[in-house]
Amino acid sequence: MDDEGPQNEPQQEKTQPAISALRYETPSELYTAMPQIRNLMQHRPRDDESAVAFLARLRSSTTPEEAVTFTAFAARAKMAIWWAYECVRTSSEEMSADDRALMEQIANWTTHPDAQNRYMVMKEALWAPQRTPVVLLGLAVGWSGGQFAPNDPSQVPPYRTPRAVNSAVLSCLAKSSLNRRPIELARFLDLALSLYRVL
């Protein structure tokens, strides 16, 4: 009996490669590639330290807010924006009607991250009368890749989005009452943990 045939052909590999939400494999690589983070943080990663270990060390330090800054820079732009969106959306701070409308545009961009939606969010954020956490998040979207504007061919520097994400989350935290601030920070960082898992 001939054993050759379709049923005996090797199965095609269906396993997808692991996808990371992080820009770089280690914090040391991040610090080398994006030195702007050094101006915003006192702590430095150890050479052999993993992202999860560094995050845990920052959380237990006397400046746990640095874990927010690290996450803003460590995560890829779209993932960092998603995280910041969830932080802002679930915070105890009341939003104005303008901020709620901008949040809807940001949510739309996360589903349809094309240049047109990015420019729309950027325009609203640039012309906003106040730099609220939502507006800072809108700027993060606007700077998330590609050109600054349709008629401006210059590319956005890669540190602009993480810096805006960091400002959005920390501003959101600063608006919390003093007794709620540690609770909010812990919640934001618990949410950030999902970004450090390989999917």
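**Salt bridges and a buried glutamate in the predicted model**

E49 has a relative accessibility of 6% and therefore counts as buried. In this predicted model, E49 pairs with R46 in a salt bridge whose closest N and O atoms lie 3.4 Å apart. R46 is partly exposed, at 47% relative accessibility. A salt bridge also joins E49 to R57, with 2.8 Å between the closest N and O atoms; the relative accessible area of R57 is 21%, which places this residue in the partly exposed class.

E86 is buried, with a relative accessible area of 16%, whereas R89 is partly exposed at 44%.

E66, located in helix α3 (residues 66-74), is buried but has no salt bridge. The nearest side chain of opposite charge, that of R44, is 6.4 Å away. The side chain of E66 instead makes a polar contact of 2.8 Å with the side chain of H43. Beyond four places in sequence, E66 is in contact with M41, Q42, H43 and L58.

The mean pLDDT of the protein is 89, and 89% of the residues score at least 70. Among the elements, α3 has the highest mean pLDDT (98) and strand β1 (residues 147-149) the lowest (75). Over residues 1-6, pLDDT stays under 50, and the model has 1 contact beyond four places in sequence for this segment. Where pLDDT is low, predicted coordinates should not be read in detail.

Notes. Residues are numbered from 1 along each chain as its sequence is written. This is a predicted model: local features need pLDDT of at least 70, side-chain atom pairs count only at pLDDT 80 or more; totals for chains, interfaces and linings use all residues. Side-chain values use heavy atoms; hydrogens and water are left out. Helices (H or I, at least four residues) and strands (E, at least two) are DSSP runs, numbered from the N terminus. Buried means under 20% relative accessible area, exposed over 50%, partly exposed in between (1.4 Å probe, protein chains only). Lys and Arg count as positive and Asp and Glu as negative; His and the chain ends are not counted. A salt bridge is a side-chain nitrogen of Lys or Arg within 4 Å of a carboxyl oxygen of Asp or Glu. A polar contact is a pair of N or O atoms within 3.5 Å; within protein, one must be able to donate a hydrogen and the other to accept it, and residues adjacent in sequence count only if both atoms are side-chain atoms. Contact means heavy atoms within 4.5 Å. pLDDT is the predictor's confidence in each residue, from 0 to 100.
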